Amino acid sequence: MHSKDQICHDDYQKTADWLLSQTQHRPKVAIICGSGLGMLADALKLQDSFQYSDIPGFPQSTVQGHAGRLVFGDLKGKTCVCMQGRFHMYEGHSLCKVTFPVRVFKLLGVETLIVTNAAGGLADGYCNGDIMIIRDHINLPGMAGLNPLNGINDDKFGPRFPPMSGVYDKDLRRLAKDICKSLGFSQFVQEGVYCMVGGPNFESIAEARFLHKLGADAVGMSTAPEVLVASHCGMKVFGLSLITNKVVKDYEDMERVNHEGVLGVSKMRSETLQTLVTELVSRLDINNNTA
Ligand SMILES: O=P(O)(O)O[C@@H]1C[C@H](O)[C@@H](CO)O1
């Protein structure tokens, strides 16, 4: 380690080498599962799975609905690695720890990152259970200086000043929309802007109104740092938000959001999300590597 917070190339490499020594799978696709969406990983065939606590250098998951397991396997002929549980800033992890797995994936040979999350709906037309294809994000902690790329830049991963325009791959978004149409999902699929906040509290009404005015369609507590680091090291990115609750923007509205409700809606739609991701992965233009 360089300092308390900075992680050096060797640290990522050690974890990647350990994983490569434990599994024959050589994934080109990584999937990060959001709150209550971990069953996506159950669709993988020929699984090799590892508890985060057994993986050298890996952080630990502390949130209900995040199992803390890294699963390698085959999804419709494409080798994938899937995080059943991610790390959030509000758990007390530094952003380098939050994004640690993404750089490990890069060293494993991953080329495409698929992120999913549970999010609150801000856009007026959004309903609970809608799936939002992420077009772009607003990284509020990042804009305020909380950025996983802070510190000495590791040029082996990417440039000091990476662009953030066009990060959510246009072709993958188009493909996802085509798939949704053919599966009959279009009536509950949206495309919009995800805004990351630090959490762990949900938004006040004034904050919700502010985020809505900023142009955010959905709000959550993850994803942007992972996407930032993936894009920095040259990965293609695709993201989905499951709208698990309406974010209250009206002082007369007595509705209160809670994590149990978020997990309930995630559970209700997790199979649909799994179908969409599986179909998308099966249509990715990649060839598998072998060990
Ligand atoms: O990991 P994600 O972003 O899906 O988790 C969301 C945000 C909070 O961690 C939690 C709130 O219920 O769900």
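Author: A residue counts as buried when its relative accessible area is under 20%, and as exposed when that area is over 50%. The model discussed here is predicted.

Reader: Is Cys180 buried or exposed?
Author: The cut-off for a buried residue is under 20% relative accessible area. Cys180 has a relative accessible area of 1%. Cys180 is therefore buried.

Reader: How many disulfides does the count come to?
Author: A disulfide needs two cysteine sulfur atoms within 2.5 Å. The sulfur of Cys96 has its closest cysteine sulfur in Cys8, 11 Å away, which is too far for a bond. For Cys180, which is in no disulfide, the nearest cysteine sulfur is that of Cys127, at 16 Å. By this rule the count of disulfides is zero.

Reader: How far apart are the end C-alpha atoms of helix α5?
Author: Helix α5 runs over residues 170-183, which makes 14 residues. At 1.5 Å a residue it should span 20 Å, and the model agrees with this. The end C-alpha atoms of α5 are apart by 20 Å.

Reader: Within what arc do the buried residues of α5 fall, seen down its axis?
Author: The buried residues of α5 are Leu172, Arg173, Leu175, Ala176, Ile179 and Cys180. In an α-helix there are 3.6 residues a turn, so residues three or four places apart point the same way. The buried residues of α5 line one face of the helix, because seen down the axis they fall within an arc of 160°.

Reader: Which residues are exposed on the other side of α5?
Author: The buried residues of α5 pack against β5, β6, β7, β9 and α8. The other side of the helix has residues that pass the exposed cut-off of over 50%. These exposed residues are Lys170, Lys181 and Ser182.

Reader: Which residue just after α5 takes a positive phi?
Author: At the start of α5, a side-chain oxygen of Asp169 comes within 3.1 Å of the backbone nitrogen of Asp171. Just after the helix, a positive phi of about 75° is found at Gly184.

Reader: What is the relative accessibility of Arg173?
Author: Arg173 is in helix α5. Leaving out residues up to four places away in sequence, Arg173 touches Ile133, Ile134, Arg135, Tyr168, Glu191 and Phe238. Arg173 counts as buried, because its relative accessibility is 12%.

Reader: How far apart in space are Arg173 and Gly239, C-alpha to C-alpha?
Author: Arg173 and Gly239 are 66 residues apart in sequence. In space, their C-alpha atoms are apart by 8.6 Å.

Reader: Which residue has the backbone oxygen that the side chain of Ser61 reaches?
Author: Ser61 sits in the loop between β2 and β3. Beyond its neighbours within four places in sequence, Ser61 is in contact with residues including Tyr52, His66, Arg86 and Glu91. Its side chain reaches a backbone oxygen at 3.3 Å, that of Arg86.

Reader: Which residue has the backbone oxygen that the side chain of His93 reaches?
Author: His93 is in the loop between β4 and α2, and it is buried because its relative accessible area is 16%. Not counting residues up to four places away in sequence, His93 touches Pro59, Gln60, Phe87, His88 and Val98. The backbone oxygen that its side chain reaches, at 3.1 Å, belongs to Gln60.

Note on methods: Residues are numbered from 1 along each chain as its sequence is written. This is a predicted model: local features need pLDDT of at least 70, side-chain atom pairs count only at pLDDT 80 or more; totals for chains, interfaces and linings use all residues. Side-chain values use heavy atoms; hydrogens and water are left out. Buried means under 20% relative accessible area, exposed over 50%, partly exposed in between (1.4 Å probe, protein chains only). Helices (H or I, at least four residues) and strands (E, at least two) are DSSP runs, numbered from the N terminus. The expected span of a helix is 1.5 Å times one less than its number of residues. The arc is that of the directions from the helix axis to the C-beta atoms. Contact means heavy atoms within 4.5 Å. A polar contact is a pair of N or O atoms within 3.5 Å; within protein, one must be able to donate a hydrogen and the other to accept it, and residues adjacent in sequence count only if both atoms are side-chain atoms.
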